[in-house]
Amino acid sequence: MKQPSRPAPVRKQRSRLGCLLLGNPPKAKPEEHYYRCGVCKTSYGPARSRDEARDIQIWHRSDAHRGGAPDGEKIISPEPPTTAELMEPIKTAFVRCGLALFIVAIFIYNAAYGG
Ligand SMILES: [Zn+2]
């Protein structure tokens, strides 16, 4: 019996001020997982999660191979994101906060040394 999976957390929408300061929220890439049977040379998918691909794997084993594990079967998952891809959503926020700090520094400089 398969356990029901936990529902995905609800992401809050970013407000207009949040979008102005931090940029638009990043769009999540759809994950596509595939199951490939090495004996039948057949691929199934895309599945939305690795668990869903495993369910396909179990179904295929019982349907085509009487429950046995065929040689060369594998679940193909997308590559994990690189560091640059992980930093991309906060790049805009970093640049805007740096610009805001620069403007505040100019105001402080003018207040201290300006006429
Ligand atoms: Zn097969």
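How many residues lie between β1 and β2 in the hairpin that they form? Four residues separate the two strands, and K41 in the turn has a positive phi of about 55°. The model is predicted, so that local features are reported only at pLDDT of at least 70 and side-chain atom pairs count only at pLDDT 80 or more, whereas totals for chains, interfaces and linings use all residues. Residues are numbered from 1 along each chain as its sequence is written.

The protein chain contains three helices and three strands, taken as DSSP runs numbered from the N terminus (helices: H or I, at least four residues; strands: E, at least two). Read from the N terminus, the order of these elements is α-β-β-α-β-α. Of the 115 residues of the protein chain, 5% count as buried; a residue is buried if 20 or more other C-beta atoms lie within 10 Å of its own, exposed if 12 or fewer, and partly exposed in between, with C-beta atoms placed from the backbone. Among contacts in the protein chain with a separation of 6 or more, 45% come from residues 24 or more positions apart, where a contact requires the C-beta atoms of two residues, placed from the backbone, to lie within 7 Å.

The three strands form an open sheet in the order β2-β1-β3, with antiparallel pairing; two strands are considered paired if DSSP finds at least two bridges between them. The edge strands, β2 (42-47) and β3 (74-76), each pair on one side only. On average, neighbouring strands of the sheet are turned by 20° against each other, direction ignored. Such angles run from 0 to 180 degrees between N-to-C directions, and axes are lines fitted to C-alpha atoms, for helices over the stretch in contact. Strand β1 (residues 33-37) is joined to β3 by three bridges in the antiparallel sense, and Y34 has I76 in β3 as its bridge partner. The pairing of β1 with β2, also antiparallel, extends over four bridges, with C37 standing opposite T42 in β2.

Helix α2 (residues 50-64) packs on the sheet and touches β1, β2 and β3, its direction making about 25° with that of β1. The expected span of a helix is defined as 1.5 Å times one less than its number of residues. For the 15 residues of α2 this gives 21 Å, which agrees with the 21 Å between its end C-alpha atoms. Within α2 lies E52, which counts as partly exposed because it has 17 C-beta neighbours inside 10 Å. Apart from its neighbours within four places in sequence, E52 is in contact with H33 and A47. The C-alpha atoms of E52 and H33 are separated by 8.3 Å, although these residues stand 19 residues apart along the chain.

Several backbone features remain to be described. Most residues other than glycine have a negative phi, and most peptide bonds are trans. In strand β2, which includes P46, the peptide bond from G45 to P46 is cis, with omega near 5°. K41, in the loop between β1 and β2, is not a glycine, yet its phi is positive, near 55°. K41 is exposed, because 8 other C-beta atoms lie within 10 Å. R66 likewise is not a glycine and has a positive phi of about 50°; its place is in the loop between α2 and β3, just after α2. With 7 C-beta neighbours inside 10 Å, R66 therefore counts as exposed.
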